Structure formats: C-alpha cells, structure tokens
Amino acid sequence: MEQKKFKKIGILSSGGDAPGMSAAIKSVTCSAIARGVEVVGIVGGYAGLINDDVRPLDIADVSDIISHGGTYLRSARCDEFKYEEGMQKAIATCKRHNIDGIVAIGGDGTFRGATDLSIRGIPCIGIPGTIDNDITATDYTIGYDTAMNSVVRMGDQLRDTSESHSRCCVMEVMGRDAGYIAIETALALNAIGVALIEIPFDKNAMFEKIKAMRAKGQNSFIVIVAEGLGTEFGESLTKEIEKETGVESRFVRPAHIVRGGTPTLRDRSLACVMGDKAVDLLLNGVSDVVICSRKDEIIATDIKWALIVDRMFKNKLKDGDLDAFSAEDIKAMKALCEERRAYFKNMYDIIKTIGC
Ligand code: F6P
C-alpha cells in the first residue's frame, strides 16, 4: 500500500498540564515544518477539536516557548470526546482543516482519545506529558522531573521552619493514584517516612523511629504522603504522629503549585526528543503508538499495550483485557510490572533504612 503523504498535522495537549508540554509543542512544530509539513495547534485539547478551535502554527509562534510552564496550547479534560457524537465532531474538524494526523500530549486519557481517533482514520501519536509519571510503559513522562524538583524545593523550605520549631511536617504530594513523585522526593528530602499506594505503610515503625531520633536530639522531621491515599490520610496521619510521638506536627498540601513552573533541563530535553521522534514516526506511517523512554532509549509502544500494562500494574485488569495480546506481549507486560514493583520496594526500603 502506498504510504500516505502528510501535508498538515495537528498538535494538542490534553488532561492536566505539565511543565515541558510547551517544549514538546515547539519540538513537534519545528520538526514538522523542517520536514515540509504544515502544523496547526488545537487549542484546549480534544475540546478544541470538537469546537473547531484550530490555528496555524509557525516557527515564530513557538520560538520562545521552550522555557514556559503550563501549556502554550492550553489543556482540558473533555467528557464530550468520550462519546461517538463528540468524536464525530472532532473528525469533521480534522477534515475541514485537512489535518492528516495528530500528535497528542498528555496522560492515559489523552492516549485513549488518540487511539479512538486512529481507529476512525485520523492517525495519532501520543507523547507522555503528566507530572504523575504514571504511564507504566515509559520510565519518564514530561513534567515529572520539574514537579519533583518543585517538591524538593518546598520540602527544603519546610525543613527550615520545622527545624526552627522542632516540628514534624507531613507533606502531601500530587500523583493521582501513583506514588512516583512521593517516593523520589521522600528520598531526596531525607523524609523519615513515606506513605503511598504501591507499598504497605509501616506507620508504627515510623513512630518508633521519630521517638528514637527525638531522644537523640533531632529537631525536625519530614514525612511525605501520596495524594492517592485520599484527602483525609495526610491530615489524620499528622494528628497521629503528634499523639504517638509527642512531636508537634503540621500538615502541608502544595497541590497544584507543583504543576507550574519553568521546566527543568531534563523535561525540556525529553520533550524535544520525544516531539521530534513523534513527527518522524507519524510522517513515516506509524500511528496509534505512544513515545516512551525506556532505559535511555526513545521507543514507540502500541497505545493499547501501554494502556493495558497500566491497568495490569494497578491491578485493575478487566475480563478480556489481555485477549488481544500474544503470550510474548503478556510476558513482557508482567516483566515490566515486576520491574516497577521492584523499584518501589527498593526505594521504600532505602528510605526506611536511611531516612531520618
Ligand atoms: O494528572 C495530574 C494531576 O495534577 C494529578 O496529580 C492530580 O490528581 C490531578 O491532576 C488534579 O486534577 P485537576 O487539575 O483537575 O484538579
């Protein structure tokens, strides 16, 4: 079959914004134009496709956005796009603007949308952009590094005030139902404890350690909890720490603050490399894949594979989810889930051993 000649591609960001999304938009735009392909920006994610909010993008439009936080094309979560009627409106917009393919930056919801469009004849490629790092198929998502560095900056500040007042501060960090930000920042902040969904939390061991360290003269303590444990968890743990250890405690929730800010070098670089790879693949006839970083290599992973391995990792597989996959695929999914589980266990054990 003759390969489709791409004349124009669209780019959008969808779901929660993440620092580095603008860098990815810049990369996709410049990469496509350098290959002789026009680019349009779809404003506000899939809602922009439904509402025909589409505008041409040229190199000059994106020349200074690499350092911007948030997303230049704005973002939204779009319920209408989950239904056939919304999908058809989106397809009509693509046809009206002669959009031959789309690069969609976001998380798992974004990829579900991309695969739905690909099935209906609009080739799409996904780029993982979310602070949560909760796309199992990739080691890193765009925005994760910046968010972690923001948490570490805030945690260091919390340490200063906790030290002055001899307190324990419990900080809840974002991540939806994933504990990546929590576990990495707990280690970097020398937290005495970390609570997250992926590993059972040994709170009694933590109380004992706080008491022992206080007896040795330690002034301050930091505890990190993942948002996935629920809105009550951090506050009630804070009260429990005070009651069980006698150390005055405070609860802090930076929430959306960590979603903003100037992207780090690592997020910019990942965004640029993934953006260029997405364009290269799309123009060469590849679609319905998500660009992943695996062991320092940039690879393309089938979107359905990526969505199912996520469910497998979160123990949320539904009947029939694995039917379309070969034994080899399932083996690879299980191995990846084991790798991720081993990572969490190892990090948790290190924090339990050296955190103080
Ligand atoms: O997915 C990114 C994220 O910031 C999560 O960490 C958080 O649970 C969620 O989005 C918050 O969503 P919203 O911006 O809709 O409040």
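In this predicted model, the crossing of helix 7 and helix 12 is left-handed. The axes of helix 7, which covers residues 180-188, and helix 12 come within 10 Å and cross at roughly 35 degrees. On the side of helix 7 the contact is formed by Tyr180, Ile183, Glu184, Ala186 and Leu187, and these meet Arg340, Tyr343, Phe344, Met347, Tyr348, Ile350, Ile351 and Ile354 of helix 12. When the residues of this contact of helix 7 with helix 12 are sorted by class, 11 are nonpolar, no residue is polar and two are charged.

Once residues up to four places away in sequence are set aside, tyrosine 348 touches Ile183, Val194, Leu196, Ile199, Pro200, Phe201 and Asp202. The C-alpha atom of tyrosine 348 is separated by 9.7 Å from that of glutamate 198, although the two residues are 150 residues apart along the chain.

Arginine 176 lies in the loop between strand 6 (168-173) and helix 7, and its phi is near 55 degrees, a positive value in a residue that is not glycine. With a relative accessible area of 44%, arginine 176 is partly exposed. In the loop between helix 7 and strand 7 (193-195) is asparagine 190, whose phi is likewise positive and near 55 degrees, again in a residue other than glycine. Asparagine 190 has a relative accessible area of 30% and is therefore partly exposed.

Helix 12, which runs over residues 327-354, also packs with helix 11 (residues 303-313), their axes coming within 10 Å and crossing at roughly 50 degrees. That angle makes helix 11 oblique to helix 12. The crossing of helix 11 and helix 12 is right-handed, whereas that of helix 7 and helix 12 is left-handed. From helix 11, the residues Trp305, Ile308, Val309, Met312 and Phe313 take part, and they meet Asp329, Ile330, Ala332, Met333, Lys334, Leu336, Cys337, Arg340, Arg341 and Phe344 in helix 12. By class, this contact of helix 11 with helix 12 comprises 11 nonpolar and four charged residues, with no polar residue.

Helix 11 is also among the elements against which the buried residues of helix 5 pack, the others being helix 2 (46-50), helix 4 (84-96), strand 4 (101-106), strand 5 (124-128) and strand 10 (289-294). Helix 5 has 12 residues and reaches 17 Å from its first C-alpha to its last, which is close to the 16 Å expected at 1.5 Å a residue. Its buried residues are Thr110, Phe111, Gly113, Ala114, Thr115, Leu117 and Ser118. Just after helix 5, glycine 121 adopts a positive phi of about 100 degrees.

Apart from neighbours within four places in sequence, threonine 110 is in contact with Ser14, Gly15, Tyr46, Ala104 and Ile105. Its C-alpha atom is separated by 7.6 Å from that of glycine 126, which is 16 residues away along the chain. Alanine 114, found in helix 5 (residues 108-119), is buried with a relative accessible area of 0%. With neighbours within four places in sequence again left aside, alanine 114 is in contact with Tyr46, Ala104, Cys124 and Ile303. Between the C-alpha atoms of alanine 114 and aspartate 321, which are 207 residues apart along the chain, the separation is 18 Å.

The buried residues of helix 10 include Asp267, Leu270, Ala271, Met274, Gly275, Ala278, Val279, Leu281, Leu282 and Leu283. Just after helix 10, glycine 285 takes a positive phi of about 90 degrees.

Key
Residues are numbered from 1 along each chain as its sequence is written. This is a predicted model: local features need pLDDT of at least 70, side-chain atom pairs count only at pLDDT 80 or more; totals for chains, interfaces and linings use all residues. Side-chain values use heavy atoms; hydrogens and water are left out. Axes are lines fitted to C-alpha atoms, for helices over the stretch in contact, and angles run from 0 to 180 degrees between N-to-C directions. Helices (H or I, at least four residues) and strands (E, at least two) are DSSP runs, numbered from the N terminus. Angles under 35 degrees count as roughly parallel, over 145 as roughly antiparallel, 65 to 115 as roughly perpendicular and the rest as oblique. A crossing is left-handed if the near helix is turned anticlockwise from the far one by less than a right angle, and right-handed if clockwise. Contact means heavy atoms within 4.5 Å. Ala, Val, Leu, Ile, Met, Phe, Trp, Tyr, Cys and Pro count as nonpolar, Asp, Glu, Lys and Arg as charged, and the others, Gly among them, as polar. Buried means under 20% relative accessible area, exposed over 50%, partly exposed in between (1.4 Å probe, protein chains only). The expected span of a helix is 1.5 Å times one less than its number of residues.
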